[in-house]
Amino acid sequence: MPAAELFDYAIVRVVPRVEREEFINVGAIVSCQRTGYLQAAVELDEARLHALDPWADAALVHRHLNAIAAICAGLEQGGPIARLPHRARFHWLTARRSSIIQTSPVHTGRCPDMAAMLEHLMQRMVRPLPLRNPPAPAADEVAP
């Protein structure tokens with residue numbers, strides 16, 4: 001089993017109406033300084049976005065989220081920020097800002113597989129929770 005590496009992560013949030021401070025989690029960014037790993041995953045649930053702001057421009061939000069992934073990957077579409085060293089890109093992406101795209105505070109952990117951790121964060125922090133099974137009716141209740 002590979003050795004556990006120290007990593008940092010932040011959750012990507014969309015705050016469609018900044019003045020209301022309501023947000024939905026839409027992605028995660030994972031960075032490992034020692035290995036040079038920097039990756040983002042994003043998934044925008046447009047129904048959840050429009051539940052917070054029926055007039056939100058989903059296409060614009062998608063463009064901003066795609067820019068995060070491009071910056072992490074160091075792609076030309078990420079602009080000049082994508083050319084910075086990976087650690088500087090992570091700090092730029094996770095800097096506090098008052099815009100419709102924000103990140104959580106940075107958290108630190110240890111794991112042997114950064115890609116698996118990114119998937120774990122997406123499952124736990126971004127994707128909708130599974131529905132619970134409804135409780136069974138009590139013995140003295142009549143089921144419909």
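A charge sits over a ring if NZ of Lys or CZ of Arg is within 6 Å of the ring centre and within 35 degrees of the ring normal. In this predicted model, the charged end of R13 is placed over the ring of F23, 4.2 Å from the centre of that ring. R97 is likewise set over the face of W92, with 4.9 Å to the ring centre.

**Rings**
- One aromatic pair turns up in a search of the whole structure.
- W92, the residue under R97, is 61 residues from S31 in sequence, while the C-alpha atoms of S31 and W92 are 12 Å apart in space.

**Largest pocket**
- The volume of the largest pocket is about 210 Å³.
- Its lining consists of 13 residues, of which H64, I68, W92, R97 and I101 are the closest to the pocket centre.
- Both members of the R97 and W92 contact are therefore among the residues closest to the centre of this pocket, given the 6 Å limit for a charge over a ring.
- At least two lining residues come from each of helix 2 (58-73), helix 3 (86-93) and strand 4 (101-103).
- Helix 2 contributes the most to this lining, namely four residues.
- By type, the lining has eight nonpolar residues, four polar residues and one charged residue.

**Largest nonpolar core**
- The largest nonpolar core is made up of 20 residues, and V14, I29, L44, L49, L65 and I68 have the most contacts inside it.
- Strand 1 (5-14), strand 2 (24-32), strand 3 (37-42), helix 2 and helix 3 each provide at least two residues of the core.
- Helix 2 holds the largest share of the core, with six residues.

**Single residues**
- Most residues other than glycine have a negative phi.
- E21 is not a glycine, yet its phi is positive, at about 60°.
- E21 belongs to the loop between strand 1 and strand 2.
- E21 counts as exposed because its relative accessible area is 65%, and the cut-off for exposed is over 50%.
- S31 is located in strand 2.
- S31 counts as buried because its relative accessibility is 1%, and buried means under 20%.

Terms used
Residues numbered from 1 in each chain as written. Predicted model: local features only at pLDDT ≥ 70, side-chain atom pairs only at ≥ 80, totals over all residues. Heavy atoms only, no water. 1 Å grid on protein atoms, 1.4 Å probe; cavity = no way out; pocket = protein on both sides within 12 Å on 5 of 7 lines; lining within 4 Å. Points joined across faces, edges and corners; volume = space filled by probe spheres on them. Nonpolar A, V, L, I, M, F, W, Y, C, P; charged D, E, K, R; others polar. Phe/Tyr/Trp six-rings, centres within 6.5 Å; stacked < 30°, edge-to-face > 60°. Core = buried A, V, L, I, M, F, W, Y, C linked by side-chain atoms within 4.5 Å. Buried < 20%, exposed > 50% of the residue type's maximum accessible area, 1.4 Å probe, protein only.
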